[in-house]
Amino acid sequence: WQDIDLDKGTVHICNTRINAGGKVIEKGPKTAAGNRTIVLGTKLISRLRLYKETACGAYVIVKSDGMPYSPSSITRKVRRFQKKHGLPSVFVHEMRNTNANLLCEAGADPITVKERLGHSDIATTLGIYTHATQSMEQRATEKADEMIGTVWI
């Protein structure tokens, strides 16, 4: 909770939790760019405010005893949710790709997507995490049509 500022509507990403050698290790992000502040949407802020009223412990997502889940436990919960709702089985980390593509499809500029994902190099964001989709192609075609219309008229 200490990394979330509900008044400013931001979350500061400054730690990661991973399973390594049978232990959960908490450490800083892999790169300096991974240490970042992300703006939260109003719906999420509203839900977090409500949730915080009854939350216990220092972490946002916790077990009934207030202790945080291990990363592998979260992965298992996501898998069960996917199966229960007939969703494709996607690794939690792969959801970053989906997030990047959805942001691009929504018209977010690549620099903003790079910053939200915590990449130090735009080539990583564009080369690995984003892929042209049919709606992106359609939007590009429409923009090209608009440009041609202004040049020829």
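Is Val11 buried or exposed? With a relative accessibility of 17%, Val11 counts as buried, because buried means under 20% relative accessible area, exposed means over 50%, and partly exposed is in between (1.4 Å probe, protein chains only). Before going further, a word on what you're looking at: this is a predicted model, in which local features need pLDDT of at least 70 and side-chain atom pairs count only at pLDDT 80 or more, while totals for chains, interfaces and linings use all residues. Residues are numbered from 1 along each chain as its sequence is written, and side-chain values use heavy atoms, with hydrogens and water left out.

Let's stay with Val11 for a moment. You'll find Val11 in strand 2; helices (H or I, at least four residues) and strands (E, at least two) are DSSP runs, numbered from the N terminus. Setting aside neighbours within four places in sequence, Val11 is in contact with Asp3, Ile4, Arg36, Thr37, Ile38 and Leu40, where contact means heavy atoms within 4.5 Å. Val39 sits 28 residues away from Val11 along the chain, yet their C-alpha atoms are separated by 6.6 Å.

The largest nonpolar core has eight residues: Trp1, Ile4, Leu6, Val11, Ile38, Leu40, Ile45 and Leu48. A nonpolar core here is a set of buried Ala, Val, Leu, Ile, Met, Phe, Trp, Tyr and Cys residues joined through side-chain atoms within 4.5 Å. In soluble globular proteins, nonpolar side chains tend to be buried together.

Another member of that core, Leu48, is found in helix 1. Leu48 counts as buried because its relative accessibility is 11%. Beyond its neighbours within four places in sequence, Leu48 is in contact with Trp1, Leu6, Leu40 and Val60. Lys63 is 15 residues from Leu48 along the chain, and their C-alpha atoms are separated by 17 Å.

Now move along to helix 3, where Glu105 has its place. Glu105 counts as partly exposed, because its relative accessibility is 26%. Leaving out neighbours within four places in sequence, its contacts are Thr133, Ser135, Met136 and Arg139.

What about the cysteines? Cys104 counts as buried at 15% relative accessibility, whereas Cys56 is partly exposed, with a relative accessible area of 35%. The structure holds zero disulfides, a disulfide being a pair of cysteine sulfur atoms within 2.5 Å.

The largest pocket has a volume of about 2400 Å³. On a 1 Å grid over the protein atoms alone, a pocket is an open set of points where a 1.4 Å probe fits, with protein on both sides within 12 Å along at least five of seven lines, and lining residues have an atom within 4 Å of a point. Grid points are joined across faces, edges and corners, and the volume is the space filled by probe spheres set on the points.

Helix 3 supplies the largest share of that pocket's lining, five residues. The lining residues divide into 27 nonpolar, 15 polar and eight charged; Ala, Val, Leu, Ile, Met, Phe, Trp, Tyr, Cys and Pro count as nonpolar, Asp, Glu, Lys and Arg as charged, and the others, Gly among them, as polar.
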